[in-house]
Amino acid sequence: MDRTMWLSFIWRRKGWEYLANGVRKKKISLYRERFSMHKAKVVVVGAGAAGVAATARLMENGVEDIVVLEAEDRLGGRVHTILFGDSVLDLGAQWVHGEVGNVVYAMAKEHDLITTSQTQMADTVYIESNGKIANEEASERIINILSIIHKAGDTLLKDFNGSLGDYYTKVFTVKMKEEFGGEHAALGRYLFDWFQKFENSINGADSWFETSGRGLTEYWDCEGNLLLSWKSGGYRKVLDLLMNKYPGEKDEIKVPEKVLYNKEVTHIKWKNTGGHDVNKTVVECSDGSSYLADHVILTASLGVLKHNAHSMFSPALPQKKLNAIKGLSIGTVDKIFMKFPYRWWPEKIFRIWFVMKVNGRHWLQDVFGFYYVDNHPLVLCGWVVGPPARYMEQLSDQQVLEGCYQILQRFAGRAFNVTVPRPERIVRSRWSSNPHFLGSYSYRSIESEKLGAYASHLAEPVMDARGKPVLMFGGEATHDHYYSTVHGAVETGWREADRILRYYGQWKERRTALQDDRTTV
């Protein structure tokens, strides 16, 4: 094959036609022709990262008959960037976790949108319940023990029978004796309790005794920097990237034109065998509106599925799907942002962690620390997980502000010998109490292990009698390895869009084969 023929072959394989004068002309997608011919209707439920990714992928390939039903009044789902002063805050997803294999990183890097978060480069201080800074040398050694246990878990947990908490408890006790003998036992207990809260904030569990040790190994970290922040604009920029809003060769994909807001889906009838809706799925909303579809891509959170699975679908979902919804778990991780009139904490300190002795249970004792927020020099963000987070969500802003102000003044004020000023403003997340989310992100629990529930089961499409995927599931909880992340959610949106595109491609090929057979006969 000469060079001209070889280049022609490559160009056509890439989906481009080259004219004689060298001008490049984009080839019309085969999928566009097939969808135009079959007039397939697609309904996407949810305009979070997965829903936007799926819609953009379909539109990019010429699919136009799409409607996106979003229960909130905004795009983004658990990507929730809000204006705050001269900048923005992320109430949901905040950091880009890792580089290698991370589709969000790949898109953002191309336009130089991300950088290393200052929280990663920050000095940390641990404050005890007496308001004193914990012994620095001992604290560092204990945290190092916990870090070693964490890293060893990548290997040891694969064959471990029990919870993540069982694993840490077993190994930490031995390591503390080896390192200290009987010294620093109290500090060890406090840091161990703090580390559990920290781990739960990462995994999304109420307790690490609920997290499956073996199941945790299903999660894959992307190699590289795990704490990358957006230079400006917050995580909402990932939506702009998905819609090609940045200058380049690709045209902007106008996903918002397909979105209907305040559309809470209440019922999905996915097996209609009679009337004018035959072989169509009917999606009904709380406002009385309904939409017909050949394919439905459902990207609702696992929390919503758990709450509505038995009432939303008609007929009922397959038992394997219901088992996955029941077995996979979702927890609550909330953030509390407070803006102060001036910076009162030491210049080099960017993370303030509380290691408190717990007498009784109070939600404030489970606010395990505050950290500096990129691009906001006067803002601290507190973290709270599990039942205390759900309790906090029921309080007023003023109650939360007063509570956080109290613990900062009582502990950090003493530790730094300063008077902590009253915060000027507070903003917080409420992921559990919002009926459109009912949780923050998914994890693999002991229940998941007992029931044999896997993300792949949740991701399986529901097919009709003709083998057409009529009901598909996307979102972070449906990803085998990148669950709980935005890059995982994006990948699942693309996966389900590609499933539809492949179906129509295969349909045409099967039809052609049948025609050939008939011709032969």
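A residue is taken as buried when its relative accessible area is under 20%, as exposed when it is over 50%, and as partly exposed in between, with a 1.4 Å probe and protein chains only. The structure is a predicted model, in which local features need a pLDDT of at least 70 and side-chain atom pairs count only at pLDDT 80 or more, whereas totals for chains, interfaces and linings use all residues. Residues are numbered from 1 along each chain as its sequence is written, and side-chain values use heavy atoms, with hydrogens and water left out.

Of the 521 residues of the chain, 54% count as buried. The secondary structure comprises 16 helices and 24 strands, both defined as DSSP runs numbered from the N terminus, with helices (H or I) of at least four residues and strands (E) of at least two. The chain exposes about 24600 Å², of which carbon and sulfur atoms supply 51%; accessible areas were computed by the Shrake-Rupley method with a 1.4 Å probe, and for residues only the protein chains shown count as cover. With contact meaning heavy atoms within 4.5 Å, 74% of the contacts between residues at least 6 apart in sequence join residues at least 24 apart.

The structure holds 30 aromatic pairs, a pair being formed by rings of Phe, Tyr or Trp (its six-membered ring) whose centres lie within 6.5 Å, with planes under 30 degrees apart counted as stacked, over 60 as edge-to-face and the rest as tilted. Tyr-168 and Trp-208 form a stacked pair, at 4.7 Å centre to centre and 15 degrees between the planes. Because Tyr-168 belongs to helix 6 (residues 164-180) and Trp-208 to the loop between helix 7 (185-203) and helix 8 (213-216), this pair ties together parts that are 40 residues apart in sequence. Tyr-168 counts as buried at 1% relative accessibility, as does Trp-208 at 0%. The pair of Phe-313 and Phe-473 is tilted, because the ring centres are 6.3 Å apart and the planes stand at 50 degrees. Distant parts of the chain are linked by this pair, with Phe-313 in strand 15 (residues 313-314) and Phe-473 in strand 24 (residues 469-473), 160 residues apart. Phe-313 is buried with a relative accessible area of 6%, and Phe-473 with one of 0%. One aromatic cluster includes Tyr-168 and Trp-208, together with residues such as Tyr-126, Phe-160, Trp-353 and Phe-368.

A nonpolar core is a set of buried Ala, Val, Leu, Ile, Met, Phe, Trp, Tyr and Cys residues joined through side-chain atoms within 4.5 Å. The largest such core has 48 residues, of which Leu-58, Val-104, Trp-230, Tyr-235, Val-486 and Val-490 touch the most other members. Elements that each supply at least two residues to this core include helix 3 (49-60), helix 4 and helix 16 (486-520), and helix 16 gives the most, with 9 residues. Leaving aside neighbours within four places in sequence, Leu-58 is in contact with residues including Val-42, Ile-297, Ala-497, Ile-500 and Leu-501. Apart from this core lies another, of 41 residues, among them Ile-82, Leu-164, Trp-208 and Phe-337.

In helix 4 (residues 103-110), the buried residues are Val-103, Val-104, Tyr-105, Met-107 and Ala-108. The N-terminal end of helix 4 is capped by Asn-102, a side-chain oxygen of which lies 2.9 Å from the backbone nitrogen of Val-104, and helix 4 is followed by Asp-112, whose phi is positive, near 55 degrees.

Conventions. A polar contact is a pair of N or O atoms within 3.5 Å; within protein, one must be able to donate a hydrogen and the other to accept it, and residues adjacent in sequence count only if both atoms are side-chain atoms.
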